[in-house]
Amino acid sequence: MYNLSQAQHHINSISRPTGYNSYAWNVTKKIALEAWDCYLEGRQFRRPVNYLCKEFYHMITTPEGNSIVPVKGIKRY
């Protein structure tokens, strides 16, 4: 991903998991977009990353499979 538009397209391509309501899903997507914004601008992402759905982790992963947030800061699902 080279810009926020591409990142947003990537995030929006991921389907909402069963059991997630629309509000929670929209918040999850917003946080993923914030992470991409920091990554693309070379800033540190300071929010805690401890979401429990695997889809969120796919949102913050590059197409090559690399996390855009340091792995040590991620609590896995």
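**Close-up views of a predicted model**

Lys54 counts as partly exposed because its relative accessibility is 44%; buried means under 20% relative accessible area, exposed over 50%, and partly exposed in between (1.4 Å probe, protein chains only). This is a predicted model, in which local features need pLDDT of at least 70, side-chain atom pairs count only at pLDDT 80 or more, and totals for chains, interfaces and linings use all residues. Residues are numbered from 1 along each chain as its sequence is written, and side-chain values use heavy atoms, with hydrogens and water left out.

**View 1. Lys54 in helix α3.** Lys54 sits in helix α3. Helices here are DSSP runs (H or I, at least four residues), numbered from the N terminus. The C-alpha atom of Lys54 is separated by 8.9 Å from that of Pro17. Along the chain, these two residues are 37 residues apart.

**View 2. Helix α1 against helix α2.** Helix α1 (residues 4-12) packs with helix α2 (residues 22-41) at an angle of about 150°. Their axes are 10 Å apart. Axes are lines fitted to C-alpha atoms, for helices over the stretch in contact, and angles run from 0 to 180 degrees between N-to-C directions. On the α1 side, the contact (heavy atoms within 4.5 Å) is made by Leu4, Ala7, Gln8, His10, Ile11 and Asn12. On the α2 side, Lys29, Ala32, Leu33, Trp36, Asp37 and Leu40 take part.

View 3. Ala7, His10 and Ile11 of α1 are buried. They lie on the same side of α1 because they cover an arc of only 100° around the axis. The arc is that of the directions from the helix axis to the C-beta atoms. The cover over the buried residues of α1 includes α2 and α3. Ser5 and His9 are exposed, on the face of α1 turned away from its buried side.

**View 4. Asn21 in the loop.** Asn21 lies in the loop between α1 and α2. Asn21 counts as partly exposed because its relative accessibility is 46%. The C-alpha atoms of Asn21 and Glu64 are separated by 29 Å. The two residues are 43 residues apart along the chain.

**View 5. Confidence along the protein.** The average pLDDT (the predictor's confidence in each residue, from 0 to 100) is 89 for the protein. Of the residues, 92% score at least 70. Confidence is highest in α1, at 97, and lowest in helix α3 (residues 54-59), at a mean of 92. Where pLDDT is low, the predicted coordinates should not be read in detail.

Terms used: Helix = DSSP H or I, 4+ residues; strand = E, 2+ residues; numbered from the N terminus.
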